[in-house]
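Reader: Before we turn to particular features, could you show me how to read a model such as this one, giving the general idea each time and then the case at hand?

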Amino acid sequence: MTPWDEVVTSLNDQLDQIKTTLADGGAGDFPSYRELVGFYKGIAWARQDLTSILKKRFHDDEGD
C-alpha cells in the first residue's frame, strides 16, 4: 500500500465515522450537528483536492 493509499484510507475512515455518528444521532444539538457536517465537508474537500493535485502532478510527470 502506498503512502497515498494510506492517506485516502484514513480520510475515508474518518468520513465513515462522522456519517455513523450523524446517523446514530450523535450530534446532541444543532451546533454539534453543524460542527460535524463542517468536519465532513472539510475532510471530503481535502481528499478531493489532494487527489486532484496528485493526478495532475503524476499526469504532468508522465508527459515529460
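Reader: What share of the 64 residues of the protein count as buried?

Author: Burial is judged by relative accessible area, where buried means under 20%, exposed over 50% and partly exposed in between, with a 1.4 Å probe and protein chains only. Of the 64 residues of the protein, 9% count as buried. Please keep in mind that this is a predicted model, in which local features need pLDDT of at least 70 and side-chain atom pairs count only at pLDDT 80 or more, while totals for chains, interfaces and linings use all residues. Residues are numbered from 1 along each chain as its sequence is written, and side-chain values use heavy atoms, with hydrogens and water left out.

Reader: How many helices and strands does the protein have?

Author: Helices (H or I, at least four residues) and strands (E, at least two) are DSSP runs, numbered from the N terminus. The protein has two helices and zero strands. Its radius of gyration is 15 Å, well over the 11 Å that the globule rule gives for 64 residues, so the protein is more spread out than a compact globule; the radius is taken over C-alpha atoms, and the rule is 2.2 Å times the number of residues to the power 0.38. Along the principal axes, the C-alpha atoms fill a box of roughly 55 × 20 × 10 Å.

Reader: What span should helix 1 have, given its 21 residues?

Author: The expected span of a helix is 1.5 Å times one less than its number of residues. For helix 1 (residues 3-23) this gives 30 Å, and the end C-alpha atoms are 30 Å apart, which agrees. Just after helix 1, glycine 25 takes a positive phi of about 75°.

Reader: Which residues of helix 1 are buried?

Author: In helix 1 the buried residues are Leu11, Leu15 and Ile18. Seen down the axis of helix 1, they fall within an arc of 60°, so they line one face of the helix, the arc being that of the directions from the helix axis to the C-beta atoms. Gln17 and Ala23, on the other side of helix 1, are exposed.

Reader: Which residues make up the largest nonpolar core?

Author: A nonpolar core is a set of buried Ala, Val, Leu, Ile, Met, Phe, Trp, Tyr and Cys residues joined through side-chain atoms within 4.5 Å. The largest one here has six residues, namely Leu11, Leu15, Ile18, Ala27, Leu36 and Ile43. Helix 1 and helix 2 are the elements that give two or more residues to this core, and helix 1 gives the most, with three residues.

Reader: What does isoleucine 18 touch?

Author: Contact means heavy atoms within 4.5 Å. Not counting residues up to four places away in sequence, isoleucine 18 touches Leu36, Phe39, Tyr40 and Ile43.

Reader: How many aromatic pairs does a search of the whole structure find?

Author: Rings of Phe, Tyr and Trp (its six-membered ring) pair if their centres lie within 6.5 Å; planes under 30 degrees apart count as stacked, over 60 as edge-to-face and the rest as tilted. The search finds one aromatic pair. The rings of phenylalanine 30 and tyrosine 33 have their centres 6.0 Å apart and their planes at 25°, so the pair is stacked. Both residues lie in helix 2 (residues 30-63), three residues apart, about one turn of the helix.
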